[in-house]
Amino acid sequence: MRISRGQEMKEILWESARGEAFFSAAVGTAKIFESRGSFRIHDYVKRRFYHQSVEEIKEENGSIVIEGHFLDASPPLRYRVVFSGRDEVGVDFDFQVLENDCDLGKVNRSYLIYKTSADERFFGFGAQYSHLDMKGKKVPVLVQEQGIGRGLQPLTFLMNLFAGSGGDCFSTYAAVPFYLTNRHRSLFLKNSEYSLFDLTQLERVTVSLFSRRMRGRILRGTSPLEIVKNFTRYSGRIRQLPDWVGKGAIVCVQGGSAHVRKTLKKLKENGVPVSALWIHDWSGRRKTIAGSQLWWNWEPDPESYPDFAELVQEVRKQGIRVLTYINPFLVDVSAKPSYNRNLFLEAKDKGYLVKDINEKPYLIPNTDFSAGMVDLSNSEAREWLKEIIKTQYLDVGVSGWMADYAEALPFDCVLDGGKNPASFHNRYPEEWAKLNREAIREANLEGDAFFFTRSGFTKSPSFSTLFWLGDQLVSWDAFDGMKTALIGLLSSGISGFSLNHSDIGGYTTIGVSWLPCFGYRRSKELLLRWMEMNAFTSVFRTHEGNMPELNCQWDSDDETVRHFAKFAKVYRALGFYREELMSEAFQKGYPLARPLFLNYPSDPETWDIDSEFMLGTEFLIAPCFQPGARDVRLYLPAGQWVHLWTGEVFGSAQAGKWVTMRSPVGKPPVFYRKGSAVGNRAVEELRSAGVLD
C-alpha cells in the first residue's frame, strides 16, 4: 500500500513493507514509576497480533476503508482502517481495533509499521535536547521532567539513586509525536496517549501507541519549511510577542523590593537596555535541598514585597515592565512566616486538586516538600485559578510570568468526572497554557501581556505565547548543558514551537555541600558565551539559578556587566528583523531559530549540523561550546557571507564550505548574507548602538 505525492505518483509519502502487516495490535500491561515529575515506563506485552488479513477495500464518502481481522487472536479481532481528507496538505489515517476483548484480556496497544530507507533521517519530536537526527533511536513521546544529568555520569547515576530524576537523552518537557525527514516526508499522531517511535531498523519504522485506536496524518510538502507550515495548521501557531519585549533584556531579580530598586538603578547606570524585570521570587523564597525555591502560593510575599503593587507601577513609569512566576502546584503555607491566603487549603476544601485513589489530594514530592496539583480537567477549578491570575497578576499591572511545570500529572491519579489520566497526562500542558492565555484574553490584555511555558504537547503553540527550554545544567555539554539549549531550540522549532529561548547561563546548579565530589557552578566564561548565543534568539532573559550565590551573574564584575550590556544591545538592534520573523511565524509557523537544513535542504551537508543555527534566512550563528576555545569550525552554505564584526566576506557562491573562524569572547562567529538588506540595516543599528566600530 502506498500514499504518493502528486497525480503522477512520482514520490512515495508512505509505504507499507511488502509481505508484512502495516497495522497490528496487542494486549499489554504497563508499570509506570514516577519520581518528582520523571517517569519510567515498563511495558509488558502479553501477545502481539501480527497475522493481519485484508478482506475488504472500499470507498465510503470519499474515504478509502480497509477492513479485516487479526487471525492470530482468539477469537479473531476485527479492525478497520480509514484514509480520508486527502488534499494538498496530506491525508488522515484512523486505525482501530473494533473488538476490545480477546482470551488474553483487553486490546490496548496498536502499532503502525511502514517502510523507510537506510539514508532517511528523522527530525522533530518536540524539544529534543541531545540529538537532532533521531535515526537509529527509539523516541518516547511523553511529557516529563527533562532530568538532571540526562546521561552525564556519574551525575545521572547519583540523581537517579537519590531522587529518581536523572533522566536520559530522550526525557523532555515538550514531546510531540511528529517528525519530518530529509526525504520531505512527515507523519504525526493526533492521539495524546503515550507513544514510541522505533527508528532503529534501517528500513522499517514502527510506531506503537497505548491505545487500540491510532489517529494521525501523513503530511506532504516540497520542502522542510512547507512541511512545518502544513503541520502547524494543525498544531497552531504562536502570535507575535508584545512590542515592548524586544526593547532589551528581561532581567531576573530576587531579594525583595529594595533589591529590585537597587538592581534597576545599576542597570540604568551601566546603559543596559531592559524590557522587563522578572521578579522571580515575588511569592517568597524558601530554602530546600535544591537551594532556593519559591513558596507555591500565588500572592505577593508580605515580608519581601509589602509594596508589590506600588513597585510594579513605579517600575512601569520608567518604561520597564514587571514579570512574575506561577505554576499549577500549590503548597500548604501554614508554616510560612506570613501570608494572606492559603491557596492550597482553599483548593483542597473546594475539591479542586488532583486526587489519589482514596479521593484525597494527591501530594506530589518535589525536592524536600510535596505539593498538590490543580485539576485542570475540572472546569470550576480552572475558573478559580484563572481568577487568581487576574487579581494577583494582571490587576496590579504585571505584564507577564513564567508559567512553569505542568509535566508531572500522575498516571494513577483521579481526575474530575473520571477522566483518564493516561490520556490527559500529555494534554495537561496544553490545558495549562490555555488557562493562562484565557486569563490574558479575558482581561483584554492580549498583545500586551504574555507568559512563557516549558512543558508542551502537540497543540501547545495554539495557546502558549512563548516557550523556554527548561532547566539546563550550568555546563557546556550535550547531555544537559549549553549545547542542549541549542539542540532543543532547533528541534522544538521544527515541531511548531516557533518562539523559544533558554535561561542565559543555565539554571541547575549543584552545590558541594551535599555532593562533595561534584560541583556544577556557572562559570564566568559559560555565562558570557550563553549571552552571545541568546542575543540571536526570541528573548534575551537571565536567570540566577537555583543557587544564585554559587553562580556567576550578569553583574558579578565589570566585564560581565559590559558584556551583558553589549549583547542586550545586539538583541535590541535586531528587533526590526525579529518582528518580521514573528509575523512570518504566526502566518506560516516558521521558527525564528532554524537548523541550516530548513533554509538549505538541497545541501546534504546541512542535515548533519547541530552546532550552529540561523536566525531566519539572513543570519548564521556558530556559538562556542568549548571552555577556553578561541576558534570555531563551522559550515557556510553556498553563497557569500559577511562576518558581522569585521565586514570580511567568506564563502563560495558555487558550494558550501567549512571554515575555521576566530571566536574571541565578545565576538562569536556571526554572519549575514552578502547584499542582505536586513544584514546591512542590522550593521547600521549596531553602529548606532555603539556595538560595532
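**A walk through the predicted model**

Let's start with Arg-36: at 29% relative accessibility, this residue counts as partly exposed. By that I mean between 20% and 50% relative accessible area; under 20% is buried and over 50% is exposed, with a 1.4 Å probe and protein chains only. Before I go on, a word on the model: it is predicted, so local features need pLDDT of at least 70 and side-chain atom pairs count only at pLDDT 80 or more, while totals for chains, interfaces and linings use all residues. Residues are numbered from 1 along each chain as its sequence is written, and side-chain values use heavy atoms, with hydrogens and water left out.

Back to Arg-36. Its phi is positive, about 55°, although Arg-36 is not a glycine. You'll find Arg-36 in the loop between strand S3 (23-35) and strand S4 (38-49). When I say helix or strand, I mean DSSP runs numbered from the N terminus: H or I with at least four residues for helices, E with at least two for strands. Asn-444 also has a positive phi, near 60°, and is a residue other than glycine. That one sits in the loop between helix H8 (428-442) and strand S28 (450-453), and Asn-444 is exposed, with a relative accessible area of 70%.

While we're on the backbone, here are two cis peptide bonds. One joins Ser-74 and Pro-75, with omega about -5°, and Pro-75 is in the loop between strand S6 (63-70) and strand S7 (77-84). The other runs from Gln-153 to Pro-154, with omega near 5°; Pro-154 lies in the loop between S13 and helix H1 (155-162).

In general, strands of a sheet pair through backbone hydrogen bonds, either parallel or antiparallel. Strand S13 (residues 138-141) pairs antiparallel with strand S16 (residues 195-198) over 4 bridges, and Val-141 stands opposite Ser-195 in that pairing. S16 in turn runs antiparallel to strand S17 (residues 204-209), again with 4 bridges. There, Phe-197 faces Val-207, and a hairpin of 5 residues connects S16 to S17.

Elsewhere there's an open sheet of 3 strands, antiparallel, in the order S24-S26-S25. Its edge strands, S24 (329-330) and S25 (364-365), each pair on one side only. S25 meets strand S26 (residues 370-373) over 2 bridges, with Pro-365 opposite Ser-370.

Now, the inside. I'll call a nonpolar core a set of buried Ala, Val, Leu, Ile, Met, Phe, Trp, Tyr and Cys residues joined through side-chain atoms within 4.5 Å. Which residues touch the most other members of the largest core? Out of 164 residues, they are Leu-277, Trp-296, Trp-401, Phe-540 and Phe-619. Helix H11 (residues 558-573) gives the most to this core, with 8 residues. A second, separate core has 41 residues, among them Ile-66 and Phe-93. As for Phe-540, its contacts (heavy atoms within 4.5 Å) beyond four places in sequence include Ile-250, Met-531, Phe-564 and Tyr-571.

On to charges. The structure holds 50 salt bridges, each one a side-chain nitrogen of Lys or Arg within 4 Å of a carboxyl oxygen of Asp or Glu. My pick is Arg-454 with Glu-145, where the closest N and O atoms are 3.0 Å apart. This pair links distant parts of the chain, 309 residues apart, and both residues are buried. Another is Arg-437 with Glu-446, at 2.4 Å between the closest N and O atoms. Arg-437 counts as buried, at 6% relative accessibility, whereas Glu-446, at 34%, is partly exposed. There's also a network of salt bridges that share partners, including Arg-382, Glu-383, Lys-386 and Glu-442.

Last one: what does Arg-237 do without a salt bridge? Arg-237 is buried, and the nearest side chain of opposite charge, Glu-226, is 10 Å away. For charge, Lys and Arg count as positive and Asp and Glu as negative; His and the chain ends are not counted. Instead, the Arg-237 side chain makes a polar contact with the side chain of Thr-232 at 2.9 Å. A polar contact is a pair of N or O atoms within 3.5 Å; within protein, one must be able to donate a hydrogen and the other to accept it, and residues adjacent in sequence count only if both atoms are side-chain atoms. The side chain of Arg-237 also reaches the backbone oxygen of Gln-587 at 2.5 Å. And Arg-237 itself lies in the loop between helix H2 (224-235) and strand S19 (249-253).

Technical notes: Two strands pair if DSSP finds at least two bridges between them.
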